[in-house]
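These notebook entries record what I looked up in the structure shown below.

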Amino acid sequence: MCKRLVARANKLPLRSTTPRGLQFENNCEIGVFSKLTNAYCLVAIGGSENFYSTFEAELADVIPVVKTSIGGTRIIGRLCAGNKNGLLLPHTTTDQELQHIRNALPDTVVVQRIDERLSALGNCIACNDHVALTHTDLDKETEEMIADVLGVEVFRQTIAGNILVGSYCSFTNRGGLVHPHTSIEDLDELSTLLQVPLVAGTVNRGSEVIAAGLIVNDWTAFCGSDTTATELSVIESVFKLREAQPSAIVDEMRKSLVDSYV
Amino acid sequence: MMEGVIRFTEMVEEQGMFNVKQTVGTVLCCKCGILMQPNAVNMCAKCLKSEVDITEGLQKHATIIHCPECDKYLHPPKTWLKAQLESKELLTFCVKRLKNLNKVRLIHADFIWTEPHSKRIKVRLTIQKEIMNGAIIEQTFIAEYVVQDQMCDSCSRVQANPDQWVAAVQLRQHVSHRRTFFYLEQLILKHDAAAHCIRITQMDSGIDFFFANRSHAVKFLEFVGKVTPVRSRDDKQLVSHDVKSSTYNYKYTFSVDIAPICREDLICLPPKVAIRLGNMGPLVICTKVTNSIALLDPLTLRHCFLDADQYWRSSFKSLLSSRQLVEYIVLDVEPVSSGVTIGGSKYLLADAQVARVSDFGKNDLIFNVRTHLGHLLSAGDYALGYNLYGANSNDTELDKYRDLILPEVMLIKKSYEEKRQKKRGKPRSWKLKSLAMEVDDSGNGRDNEEKRNAEYEQFLRDLEENPDLRFQISLYQNKDYEPSEMAYVTDGDDVPSIPLDELIADLHIRDAETRPDESEDGDDMRD
């Protein structure tokens, strides 16, 4: 289920059919200030608690929501990359932050700080639980580290001629959204690589920087407040979120189990 | 093996890079959800138009002021631009009147048709502007102008007082005939110098020209200065004065005095002038007047030129003028020296025996004179000259010369009077145009009119006899002229007439003014 929630001061998040969107300190680029995976959620420290409480309300019962900073900055969404297996942090992360994150995340998640010249790992790496797309100029060691820590297959790619793959696409195990100017051949190629359906689209009212406006995992997605209804419907359909609940998979399975039981 | 690899890569490089064909996919418009090609804003054109209006803040209504009399439009604060409806000038003017248009880029502008009497002008403008994300959008909008009628300054001034002139040029020549003015009239017509004239008035011993603009008057004045030796002075008179804007309206007058020396005049040079000109005999004949005066000493065939400045520095009057010409009959001619060409005309010094036509047969008064017309005259010819023998000249200059012996007769030109008698009453094959002059006929009786007609006739005869006089002016074919049967009679000494190829066929255009643009064979000037 995709949500756009009101972020007005002192107002509880509404669950309505005409949602109006999420904002971090009046900025709709929420993907810059947060990171969402299937196993955890990282949120930046903001002035008001609204941003954090939105995530908490939605995700707290399922996955840990961690408030943190990286290297003293709040742009954590763009600095780190991770999936349910692990989390990669840039060399600018302080020891205290590293420790804090390690403590807060479940033990199944490997937290690793890597030494990489391109330190905005969130812009350079886009991944789901099985495949990762990286910046073409990434170091060989970093590539090996990614394969190791995140447990994924790594491909160096460009998206619509842009080398910052982490910014211009966002994909999960169910589907993915890419830069709107991606050609059909590129889409096919990427789709084959990633083994998920891909769609070219926009977020935040025509913005091409997908990952900045949208954070998504297998059952939830959060968008910036400027996202139009059309964009929302595209996101919902490609990431297959309409009926997705954390326990939906299990429920479906239970139905079949019950059937077989009888 | 290595060489094989290198050669293969070279081959690939030669053929160029291997490019995958890129097909642009479609995305949904982020607002309305229709399929579209991705663009900089990822919105379909309609949504974009509803979102962004680049014509916001641009002026779409304006007022322009138009003068109905002269069809001009006001460009504030003071300039009036003449422009037709739906013309390029009007389009430029309308676009300039819109403020803020320099903030966007104007691609195209044209008129939308409106009824002329609706007093509205509509212009369709296409502009381009850059918006967020670097996208440039193009939009068309219509600007409407309300036309207000208001008379421009010059029209209102003309309306208030139609005879209002701003500058006047007053030409005067203090002689007893009007030959100069006839000739000047023809010159003005040829050069179209009086094009900007509002009014021309014929005065006693002169003509007044009125202009609406001081610069036109100055231009005319300079033209006159180039064709006649003149002396001028100018003055101005305050008509009105606007205290607030400190503008002054004046009436300018230019008083022009033409030198009183004319062709064929007999002049006695003052001693100073004679000495300055190299001791030319005090009696000289004026042979040609343009912007300088050409003088010829008939007894020595010496000639000189006097500039307007030089003349006016020490001015002199003529002793006898062409009114006082008397007819002589030539009895005998004996050339004295060889012929000489001065200034394009031939002269031959000769001794001639002449007698006055009035004396002829009555008495035996014969004069032996030296004349410069030896090349023209032969026995039995008639000539016109000045009767110094019988003249009673009251000239102070003449008195200054103590030892001067005056010749009794000074022959000036050959006379065709006898032959003219045969042709009397028959129309000429050519005619002249004239300026539209108002004649100021105050207190002059019928005598003056007869005198004037006689003078004009004399002027026409002069034109016939002198080709160099004709050179400067335009002659037109007379449609009413029919060559008479008498033309077949070839006379040895026919009356000089103007050959047909010098005449210009009159060009008749629907508009009033005809211009001598066409001539029968080539240009009249290239004689």
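I first noted that two strands pair if DSSP finds at least two bridges between them. Strands (E, at least two residues) and helices (H or I, at least four) are DSSP runs, numbered from the N terminus.

This is a predicted model, in which local features need pLDDT of at least 70, side-chain atom pairs count only at pLDDT 80 or more, and totals for chains, interfaces and linings use all residues. Residues are numbered from 1 along each chain as its sequence is written.

**Sheet, chain A**

I looked up how strand 5 is joined to strand 6 (residues 86–89) of chain A: 2 bridges link them, and they run antiparallel. Gly82(A) faces Leu87(A) of strand 6 of chain A. The open sheet has 3 strands in the order 5-6-7 (chain A), with mixed pairing. Strand 5 (81–82) and strand 7 (110–113) of chain A each have a single partner strand, so one side of each lacks a neighbour in the sheet.

**Helices, chain B**

I then asked how closely the axes of helix 5 (residues 179–191) and helix 6 (residues 214–227) of chain B approach: they come within 11 Å and cross at roughly 120°. Axes are lines fitted to C-alpha atoms, for helices over the stretch in contact, and angles run from 0 to 180 degrees between N-to-C directions. Helix 5 and helix 6 of chain B are therefore oblique to each other (under 35 degrees is roughly parallel, over 145 roughly antiparallel, 65 to 115 roughly perpendicular, the rest oblique). I recorded residues of the contact (heavy atoms within 4.5 Å), among them Leu184(B) and His191(B) of helix 5 of chain B and Phe220(B) of helix 6 of chain B.

Note on methods. Chains are lettered from A and ligands numbered from 1 in the order in which they are written. Side-chain values use heavy atoms; hydrogens and water are left out.
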